[in-house]
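Student: I would like a close look at one part of this structure. Please take me through the place where the two chains meet.

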Amino acid sequence: MLEIKNLHASIDGKKILKGINLKINTGEVHAIMGPNGSGKSTLAQILAGREDYEITKGEIIYEGKNLLEMSPEDRAREGIFLAFQYPVEIPGVSNTNLLKTALNEIRKYRGLEEVDAMEFLSLIKEKTKLVELDQQLLSRSVNEGFSGGEKKRNEIFQMAVLEPKLAILDETDSGLDIDALKIVAKGVNTIKSKDNAVVVVTHYQRLLNYIIPDFVHVLYQGQIVKSGGKELAFELEEKGYDWVKEEKNELVTN
Amino acid sequence: MNDIKEIKNQYLKSYELFENSLNGERFSSINGIRKEALSKFSDLSFPTVKDEEWKYTSIAPLLEHNFIPSFDKKHLTKNQIKKFLFESLESNVVVVINGHFSEELTNINKAPDGIEVSSIAKAISLNSPLIGKHFGKYADFSKHIFTSLSTAFTKDGVLIHIPESKIVDQPIHILFITSSENEKLLIQPRNLFVAEKNSQVTIIEHFVSINSGIYFTNTVTEIVVGENAVVDHLRIQEESKSAFHIGRMDIDQERSSNFSSHFISLGASLTRNDFNSKFNDEGGECKLNGLFLTENNQLFDVHTLIDHAKPHCNSHEHYKGILNHASRGVFNGKVIVRPDAQKTNAFQENNNIILSQEALINTKPQLEIFADDVKCSHGATIGQLNKDALFYLKSRGLGNEAARAILIHAFASDVIQSVKVKAVRNYIEEILSGKFNPPEESK
């Protein structure tokens with residue numbers, strides 16, 4: 001589904017990603033872990049199409065297409081969804097309006113009929129229940145005045161409505177209490193299927209108790225320095241990132 | 001550019017023609033005021049960018065044309081004006097064509113007895129006491145050349161009188177329609193709205209054009225808001241994109257009166273607006289809100305003045321500008337708090353969004369406070385569409401145009417939502433949708 005080949009990226013001349021290689025197939029859950037500043041969020045944002053980064057080398061193939069040539073909106077229409085680490089507040093735009101417009105833009109792109117008001121309402125009702133989001137928040141402006149937890153749940157709610165093929169969660173677990181964390185995990189586990197894939201970017205192992213990854217990758221200084229199964233996450237939790245850092249440094253000195 | 005003196009002489013010369021067109025009216029009580037204004041007009045100079053009040057607005061393009069005062073009545077059919085009407089506001093419609101009140105197209109169906117909605121020309125010829133009492137008392141022409149031009153050539157416009165304690169539920173929609181092809185008309189509707197004690201009315205001044213010709217609207221509106229009266233005023237300026245529009249509005253606010261105004265400006269190549277409100281007694285409320293959208297080479301200028309002459313009055317002003325292409329905007333909001341105007345609350349804000357590299361806005365709040373127990377604030381912002389918000393919307397599948405349109409809507413929404421008349425609110429939304437090309441489903 002997704003193949004990242006030797007990806008190098010920089011921002012304002014500063015190199016952030018230094019040769020990422022990653023392959024993701026449908027039905028898989030991948031966790032990308034790593035210390036702060038290792039390039040996790042950069043990778044997530046580049047996948048969604050953020051234009052601030054300069055791709056200096058490498059390519060990304062998504063479903064046989066060159067992802068880097070696609071606009072952010074076309075990526076979304078092709079099924080990529082990024083749950084933002086810091087969801088943006090947009091005063092004056094209601095959550096409902098945003099979601100309905102987004103859903104219909106995506107459907108239109110895929111040659112499907114637009115949903116009517118009734119269908120949309122029942123869809124919304126179902127999905128708000130899933131993430132235990134207060135329906136009253138929907139008529140309010142996007143993320144405006146939402147608590148940290150509400151913002152994160154709103155991201156998962158949007159994901160549930162848009163049903164992406166590739167969902168990328170950028171530190172969705174950061175700052176959440178255990179109840180909110182479980183809700184987020186429930187949302188992800190519900191949409192997960194053999195036809196889609198999930199990438200969980202996280203700093204902590206905690207979320208991975210609830211969303212069980214098939215693969216865990218450790219990102220450090222712009223490269224994936226270690227990959228393994230879910231047990232790698234436990235190992236990291238136990239030994240901390242210093243363990244990986246040391247290994248990597250050894251690698252460099254040797 | 002033509003010689004400016006020559007332009008002025010043209011206006012002075014056409015006065016003779018104008019006087020002839022007045023017939024018997026020339027002996028009316030206001031003719032003295034007309035003459036006085038004419039002599040002021042002759043003395044005053046056209047402003048240049050060296051004048052502080054006109055620093056960012058050059059009227060040179062206006063002075064390139066010889067505009068001819070529109071003396072003759074023009075007739076339009078019901079069908080021709082239909083497209084300018086609001087569906088739910090068809091019960092009280094006043095039509096003014098090229099500055100002349102149209103009796104045949106005006107229809108006041110839903111207003112209580114005693115309400116007067118008539119032509120200023122008629123009121124003058126009948127020597128209405130309202131004219132004697134209020135005409136020219138608020139819009140001072142002695143320093144303002146365009147007001148002196150309007151006053152000198154006073155012929156027609158709209159007079160609205162709401163007697164004491166009368167409540168007009170249905171808004172009065174005044175259509176100022178210009179129908180001018182190549183005549184380069186000078187159109188000068190002159191209006192007087194008087195809401196007596198405890199009365200209430202909503203008045204919409206709507207400037208539209210049938211053709212896209214070059215003409216010059218120079219309009220003056222005087223509004224008296226009597227004790228405890230409530231006046232909700234809306235002005236929608238949609239002149240031809242080649243036209244010039246100079247608009248002035250002076251509001252006299254009596255004790256505990258409540259005046260609110262919403263100004264939506266879209267049209268004209270050059271627009272200059274001077275809105276002045278004065279609290280003549282305690283307890284008044286004044287709200288001046290506005291939304292202007294400029295594109296191509298349009299220039300929009302609004303100067304407002306709120307005069308807190310008396311204590312315990314509140315004023316709120318909020319203007320928002322959306323500027324595209326190489327257009328320019330000027331916002332100058334002055335608030336004066338006089339020495340004995342204690343307990344004044346005056347809040348002012350101007351926010352602008354610049355959609356292109358070439359657009360320009362000059363914004364200047366001016367607070368002059370001479371009292372010491374007051375609450376006043378002002379703020380101005382100039383920015384672009386939020387990049388993070390744009391990316392967020394796109395990452396949800398919205399195209400660039402749709403995402404921009406949604407953010408522009410959102411930017412304008414608080415001013416739009418503060419418009420009380422639903423039909424007008426919807427109309428502004430429609431205009432925004434049409435302009436910024438949103439996705440099909442949100443239309």
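Tutor: Start with who takes part. The contact draws 21 residues from chain B and 34 residues from chain A. Remember that this is a predicted model. For the complex, the predictor reports an ipTM of 0.95 and a pTM of 0.87.

Now the area. Together, chain B and chain A bury about 2100 Å². Carbon and sulfur atoms account for 63% of that.

Next, the polar side of the contact. Between chain B and chain A there are 10 residue pairs in polar contact, with both residues at pLDDT 80 or more. Which parts of chain B do the touching? Helices α7 (387-394) and α8 (400-417) of chain B each give at least two residues to the side that touches chain A. The largest share comes from α7(B), with seven residues. Sort that side of chain B by class and you get nine nonpolar, six polar and six charged residues.

Charged residues bring us to salt bridges. Side chains of opposite charge can pair when their charged atoms come close. Over all chains, the count is 31 salt bridges. Three salt bridges run between chain B and chain A. Take two examples.

One is between the side chains of A:Arg50 and B:Asp388, at 2.4 Å from N to O. Another pairs B:Arg396 with A:Glu155, at 2.7 Å from N to O. Where do these two partners sit? B:Arg396 is in the loop between α7 and α8 of chain B, and A:Glu155 is in helix α5 (residues 148-162) of chain A, so this pair joins two chains.

Step back to chain A for a moment. Chain A has eight helices and 12 strands. Its C-alpha atoms fill a box of roughly 65 × 40 × 35 Å along the principal axes. Chain A has a radius of gyration of 18 Å, which agrees with the value near 18 Å for a compact globule of 254 residues.

One stretch needs care: over residues 439-443 of chain B, the pLDDT is below 50. In the model, that stretch has 11 contacts beyond near neighbours in sequence. Where pLDDT is low, the predicted coordinates should not be read in detail.

Key: Residues are numbered from 1 along each chain as its sequence is written. Chains are lettered from A and ligands numbered from 1 in the order in which they are written. This is a predicted model: local features need pLDDT of at least 70, side-chain atom pairs count only at pLDDT 80 or more; totals for chains, interfaces and linings use all residues. Side-chain values use heavy atoms; hydrogens and water are left out. pLDDT is the predictor's confidence in each residue, from 0 to 100. Contact means heavy atoms within 4.5 Å. Buried area is the accessible area (1.4 Å probe) that two parts lose on being put together, summed over both. A salt bridge is a side-chain nitrogen of Lys or Arg within 4 Å of a carboxyl oxygen of Asp or Glu. A polar contact is a pair of N or O atoms within 3.5 Å; within protein, one must be able to donate a hydrogen and the other to accept it, and residues adjacent in sequence count only if both atoms are side-chain atoms. Helices (H or I, at least four residues) and strands (E, at least two) are DSSP runs, numbered from the N terminus. Ala, Val, Leu, Ile, Met, Phe, Trp, Tyr, Cys and Pro count as nonpolar, Asp, Glu, Lys and Arg as charged, and the others, Gly among them, as polar. The radius of gyration is taken over C-alpha atoms; the globule rule is 2.2 Å times the number of residues to the power 0.38.
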